[in-house]
Amino acid sequence: MSKRQKLGSLSALRTLRSGKTLVTAKSSEETSPYFARKKVTSTKTGAKKRAQIKIEYNTAEDDTSVENTEVISTVQIKSEDMRKSTDTKTVNTKVLEIKSEDVKQSKDASDMKIEKSEVVRDDTNPKHVKDEKQSQWMPPNWETILENIREMRKHNTAPVDEMGCHKCADPNASPSVSRYQSLVALMLSSQTKDQVTHAAMQRLNIYGCKPDIIAETPDDVLGKLIYPVGFWKRKVEYIKKTSVILLNKYNGDIPRTIKELCDLPGVGPKMAHICMQIAWGEVSGIGVDTHVHRISNRLEWVRKQTKTPEETRNELEDWLPKPLWSEVNHLLVGFGQEICLPRFPKCSECLNKDICPYDRKNRGKIKK
Ligand code: SF4
């Protein structure tokens with residue numbers, strides 16, 4: 001018996017011992033669903049393979065046709081272009097015309113640039129140099145901030161509105177005396193609250209606030225009249241000397257230039273610019289006092305933080321449009337008196353709190 005026959009007998013015996021019916025491999029293949037499934041799968045696999053070949057073939061065919069389509073369409077487009085080539089000349093001519101117009105325009109623009117740069121390069125003209133500076137920098141959101149300040153100041157409830165230097169002259173005084181009283185009020189207002197200045201001016205006006213009268217008034221009397229304005233003793237001296245100069249040099253009136261005003265004892269640029277505006281109705285520059293100086297720095301209306309009001313004035317005048325110069329002092333002084341206080345500004349009440357650089361930097365540190 002061969003090895004294979006022995007194995008077959010052993011297998012048959014095991015099957016008989018287990019009680020199962022001995023069936024031939026052929027009959028199993030015919031009845032078993034496993035084999036049936038296998039058969040089906042095998043048939044499917046074969047079909048799949050054929051299908052794949054078919055698909056590949058079809059795809060190749062399709063690709064060819066797509067390529068053909070593209071080529072054809074390209075050719076068509078090209079040929080259309082060829083057909084339209086006569087029209088294209090016209091179009092090209094138009095394009096050329098437009099281009100030549102552009103060239104003309106760009107030439108004009110470059111001419112303008114040259115003119116502008118020529119103007120800027122004119123260093124002998126300070127205004128032109130200033131114009132160049134103005135075009136270079138402006139603080140962000142400044143217009144919104146200014147509008148917000150106007151809105152916060154619209155009720156004119158700040159001390160400066162009722163008792164500022166523009167309200168200190170006697171309304172019945174002659175124009176030259178009125179100008180003199182405005183100048184004296186400005187001299188008193190330095191380092192002094194508006195209420196105190198205004199009260200002192202009321203006393204002076206009743207006493208007789210004219211240059212000839214003040215020049216003859218004893219120091220102690222004048223001192224009593226203006227007390228308790230800040231640095232009242234020094235101011236007595238300045239006011240008396242100024243009154244004498246005005247009598248001798250300006251016929252009792254006040255000078256009309258910044259330089260001449262600044263030459264008077266105790267008169268600085270801030271006072272001079274405000275005086276030009278109040279007394280002469282002329283805007284010569286921005287009057288920068290402690291409020292304008294502080295607020296301009298908080299709002300970063302200066303390119304870098306400034307140390308003196310004069311620096312701040314130069315910075316502001318570099319970018320702030322001139323028509324706004326006349327209002328900015330009064331606006332910011334009142335704003336500084338009511339909201340943007342020197343210590344503990346009321347940022348939570350301020351319309352600028354979301355765009356103010358100072359509030360952004362100090363949020364959490366400021367007592368609100
Ligand atoms: S947010 Fe504060 S610091 Fe800024 S402008 Fe207003 S009050 Fe002044």
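**The helix α8 and its surroundings**

In helix α8 of this predicted model, the buried residues are Arg-179, Tyr-180, Gln-181, Ser-182, Leu-183, Val-184, Ala-185, Leu-186, Met-187, Leu-188 and Ser-189. Helix α8 spans residues 175-189, and the distance from its first C-alpha to its last is 21 Å, close to the 21 Å expected at 1.5 Å a residue. Since 11 of the 15 residues of α8 are buried, the helix is largely enclosed by the rest of the structure. The partners against which these buried residues pack are α9 (194-207), α10 (211-216), α11, α12 and α14 (269-280). After α8 comes Gln-191, which has a positive phi near 60°.

The setting of this helix is a protein chain whose secondary structure consists of 18 helices and zero strands. The chain has 368 residues, of which 26% count as buried. Among contacts in the chain with a separation of 6 or more, 60% are between residues 24 or more positions apart.

Two of the helices that receive α8, namely α11 and α12, also pack against each other. Two packed helices are described by the angle between their axes and the distance between the axes. For α11 (residues 219-226) and α12 (residues 232-249), the axes come within 9 Å and cross at roughly 120°. Angles of 65 to 115 degrees would count as roughly perpendicular and those over 145 as roughly antiparallel; α11 and α12 are therefore oblique to each other. Their crossing is right-handed. On the α11 side the contact is made by Asp-219, Leu-222, Gly-223 and Ile-226, and on the α12 side by Trp-232, Lys-233, Lys-235, Val-236, Ile-239 and Lys-240.

The loop between α11 and α12 contains Pro-228. The peptide bond that joins Tyr-227 to Pro-228 is cis, with omega about 15°.

Other loops hold backbone features as well. Asn-141, in the loop between α5 (126-136) and α6 (142-152), has a positive phi of about 65° although it is not a glycine. A residue needs 20 or more other C-beta atoms within 10 Å to count as buried, and 12 or fewer to count as exposed. Asn-141 has 17 such atoms within 10 Å and is therefore partly exposed. Glu-300 is likewise not a glycine, and its phi is positive, about 55°. Glu-300 is located in the loop between α15 (290-298) and α16 (309-319). Because Glu-300 has 18 C-beta neighbours inside 10 Å, this residue also counts as partly exposed.

Technical notes:
Residues numbered from 1 in each chain as written. Predicted model: local features only at pLDDT ≥ 70, side-chain atom pairs only at ≥ 80, totals over all residues. Axes fitted to C-alpha atoms, helices over the stretch in contact; angles between N-to-C directions. Helix = DSSP H or I, 4+ residues; strand = E, 2+ residues; numbered from the N terminus. Parallel < 35°, antiparallel > 145°, perpendicular 65-115°, else oblique. Left-handed = near helix turned anticlockwise from the far one by under 90°. Contact = placed C-beta atoms within 7 Å. Expected span 1.5 Å × (residues − 1).
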